[in-house]
Amino acid sequence: NCYNLENVSPLHGIHDLSIICCEKVRDISGLGGHHRLDVEYCSYNLSGYECLVSVRDVILARCDISDLSVLRYAKSIDLRRCDKISDVSPIKNVRKVFISGSTNITNLKELREVYDLS
């Protein structure tokens with residue numbers, strides 16, 4: 001728990017990073033250099049999702065991401081309670097996708113070619 005953490009600038013040398021319950025974190029744009037990034041239950045109004053284009057394994061929980069094109073190069077994506085997602089077609093070529101609690105998705109059929117889908 002990192003309740004008072006506000007600034008999350010690049011942390012060099014760390015491959016796997018988890019930021020959980022950091023309600024003051026508003027911008028994740030400096031976190032693109034990690035192999036695995038886990039952002040859960042931080043501020044709902046995050047910015048900086050474009051950094052995810054270079055992250056291989058992404059876990060997002062209760063985030064306001066809507067444009068999944070930044071995740072198109074990931075190998076593994078776990079999305080939990082990300083309510084603004086409606087179009088999943090940008091991630092149809094990702095190897096492993098887990099989606100839970102995202103009720104606005106209208107085109108789940110786009111993910112039929114995903115190797116490991118749950």
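So, Asp27: you'll find this residue in the loop between β1 and β2, where β2 covers residues 36–40. Keep in mind that we're looking at a predicted model.

What does the side chain of Asp27 have close by? One of its polar atoms lies 2.8 Å from the backbone nitrogen of Ser29. There's also Gly48, which is 21 residues away from Asp27 along the chain, yet their C-alpha atoms are separated by 5.4 Å.

Okay, let's step back to the sheet. Six strands make up an open sheet, and going across you read β1-β2-β3-β4-β5-β6, with parallel pairing. In general, strands of a sheet pair through backbone hydrogen bonds, and that can be parallel or antiparallel. Which strands sit at the edges here? Those are β1, residues 16–20, and β6, residues 116–117, and each of them pairs on one side only.

Let's look at that β6 end. Its pairing with β5, residues 96–100, is parallel and runs over two bridges. If you want to find one in the viewer, go to Val97, whose bridge partner in β6 is Leu117.

Cys82 isn't in one either, with the sulfur of Cys63 as its nearest. Cys63 counts as buried because its relative accessibility is 0%, and Cys82 counts as buried at 0% too.

Technical notes:
Residues are numbered from 1 along each chain as its sequence is written. This is a predicted model: local features need pLDDT of at least 70, side-chain atom pairs count only at pLDDT 80 or more; totals for chains, interfaces and linings use all residues. Side-chain values use heavy atoms; hydrogens and water are left out. Two strands pair if DSSP finds at least two bridges between them. Helices (H or I, at least four residues) and strands (E, at least two) are DSSP runs, numbered from the N terminus. A polar contact is a pair of N or O atoms within 3.5 Å; within protein, one must be able to donate a hydrogen and the other to accept it, and residues adjacent in sequence count only if both atoms are side-chain atoms. Buried means under 20% relative accessible area, exposed over 50%, partly exposed in between (1.4 Å probe, protein chains only). A disulfide is a pair of cysteine sulfur atoms within 2.5 Å.
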